[in-house]
Structure formats: C-alpha cells, structure tokens
Amino acid sequence: MNIRLNGKRYTDLNMLTGNIDPEVIAFLQEWYNEKEEVIGHTSGSTGKPKEIRLLKKDMIASARLTNEYFHIGPQSRLLLCLSPTYIAGKMMIVRTILSEADLITIKPTSSPLQNIEGDIDFAAMVPMQVETTLTNPETRSRFARIKQVIIGGAAVSPTLEQRLQELPTRCYGTYGMTETVSHIALREINSERKSPAYFALGKVSFSTDERGCLVINTPHLQQQRFITNDIVQLVDTTHFEWLGRHDNVINSGGVKLFPESIEARIASFLSQRFFITAEDDSRLGQKAVLVIESLPWDEAEYQQLLSRLKSCLSPYEVPKNIYFQEHFTETYSGKIVRKIK
C-alpha cells in the first residue's frame, strides 16, 4: 500500500485513522485485499442501484487514461468530494494511487469547497455541487483556483454552462457509466475548444446500432464492447453529440422528438424544475407535453410561456399541454422520474 491522503503518506492499512472518511478506508481495504474485483453500484438513474463487480485491472486501465490526459502525477493535488460508494469516488482514489498524487478527502456535500485551502489540480463534481459552489463569492473564488474539473452524473444545464464561461478553471463534461468503469469520453465546456461533441479517451472508439444508439468500443477493458440506450449524432469514430435517451424519444406524427434537446433550448425560460415527456394522441400517436414543478400558474403567465416556447421550437416540438406538479418524484440518484401523475 502506498497513498497520500490530505498531505500524509500511508504505507499500511493499519495506519489509517479515524480522521479519514470511513468510506475511503473501506474502499482501500477492499482495493488492497487479495481479490481481483471490488463491489460497485450503478447510479440508479432508471431504478434502484444495482450491485456490480468491477475488475481492479479495468479500474487501473481507466485511471491511466484519465491521468495521462490530465497530466496527473506525483506533484498533483486532487480533491475527492464524491462518495467512494460509487464509481466516480472510487476512481479518484485509484487515480491517486497510480499517480502518487496527494488526495484531499472531504465528506460529500453540496458545497465541497467551504473549507478547502490552496490550489487543486483536478477534481470531479456533480452539477449540483458546481451550481452551489458558484452561488457563494468565497467558494466561487476557490473553484476558480482549481485547474481542471470533470462534471458528471447528470447533464450540465445551459445556465450552468454559461456561468462557467467566466471562470479560468478548465471544465469538462463526462460520458460514461459504472459498466465502462467511469468516463470514456469528455467534452470541453468552457475553453476556447468548447464543443457539444464528446471526444474519446485513449483508443476508445464509437459506432451506432440500428436504433441510432451509441456503441462503445473499449480495447482497454476486459469487456470490449458496450451497447447503450443513448441516441447520438456520430461525428466520426471518436466524436459524437448526445441527443437523448432512446427510452425518452417521442414519436409525434412520424417525427422523432428528443426531450433532452428541447429542454436545453427552453431552460432559460423556467426557474423551476421541469421535463418534457410524451402523452398519447389519437392523431399524432404521441405528443410532447411540458411538466413543471410548481403550483398552477395564472392565465397570463401561462400564455406568456407558451408564446416564448413557440418562438424557439418547431410546431411538433411545442408542448401541446402544460401540466403542473407540486413535487416531482425522483430516482435513487436524484434524477427526475419523467411521468405525469
């Protein structure tokens, strides 16, 4: 065993003390046992998180891709502010072990930089953590001292993306899943090379199946091919633009509508949480509807929103009904369940 945590080097599991997060200790004990696998859990995006076995050699191969791209080495200072129960937290620890970097560990919180001093070279956060951090001038200033941040676990909203343009921190959106052992593709959010397209890491490559869904080729992993339910626009074999989930596509009069794409274009109109989903229609088969987390609006507000929607959406994309729900249902990972109550 050889790892630096919070500025101190540990070479024996017995050296790990109570001032280190118990989840970090638990993962290190599992990592340094004689088994070839560790236990992980899927994110719970579409239901209850499932247990999954992850090969340590796959985790090492994945960590090397990230370390090489972001130039993480012995002089680097990394921040762990995600739970090691899930793949994103586990991989931050593995990257640290391989690179011999110093890992600053804190308990997961919505505002992870409240007590962080000094520069950080690399961190991984979820969008909610970034949004909360940027609302406070002090933590926003600390975020600006991080050189590189990967943001994953949920989509980065257009509003958050716009706020990140003002900061020197290089921010990247991630694409990956527990099964691919963390991210296998990135997209630049706020540099001069910002783009909606994701690019492959290492020798990863992409294709699509008959549904238009992404197929991932991962020569660095034991399982070398993954078929997803993500509909993409393939740019080439190493670049793609994400359009949405196959499960969410709305077929309206033969026209395929992508809720996630519509949501991105109307996000600036709504301060409340919302989603686009399908509703059965006798003429179109399905129609797009908008569901807003709010008490019902008055007629003037309703009509003003409808006018704005018509100004930026095609006739098929304009929601045919707008519904209001006081509280949305969420999955285990905090994502909205796209169902009309």
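A search of the whole structure, which is a predicted model, finds one cavity of 30 Å³ or more, where a cavity is a set of points on a 1 Å grid over the protein atoms alone at which a 1.4 Å probe fits but cannot get out. The largest cavity holds about 40 Å³ of space, a volume being the space filled by probe spheres set on the points, with grid points joined across faces, edges and corners. Its lining, meaning residues with an atom within 4 Å of a point, consists of Leu113, Ile116, Gly118, Ile120, Arg142, Arg145 and Ile146.

Helix α2 (residues 56-70) and helix α3 (residues 87-99), both DSSP runs of H or I with at least four residues, pack at about 75° with axes 9 Å apart, the axes being lines fitted to C-alpha atoms over the stretch in contact and the angles running from 0 to 180 degrees between N-to-C directions. That makes α2 roughly perpendicular to α3, a label for angles of 65 to 115 degrees.

| Residue set | Nonpolar | Polar | Charged |
|---|---|---|---|
| Lining of the largest cavity | four residues | one residue | two residues |

Residues are numbered from 1 along each chain as its sequence is written, and side-chain values use heavy atoms, without hydrogens and water. Local features need pLDDT of at least 70 and side-chain atom pairs count only at pLDDT 80 or more, whereas totals for chains, interfaces and linings use all residues.

Key. Helices (H or I, at least four residues) and strands (E, at least two) are DSSP runs, numbered from the N terminus. Angles under 35 degrees count as roughly parallel, over 145 as roughly antiparallel, 65 to 115 as roughly perpendicular and the rest as oblique. On a 1 Å grid over the protein atoms alone, a cavity is a set of points where a 1.4 Å probe fits but cannot get out, and a pocket is an open set with protein on both sides within 12 Å along at least five of seven lines; lining residues have an atom within 4 Å of a point. Ala, Val, Leu, Ile, Met, Phe, Trp, Tyr, Cys and Pro count as nonpolar, Asp, Glu, Lys and Arg as charged, and the others, Gly among them, as polar.
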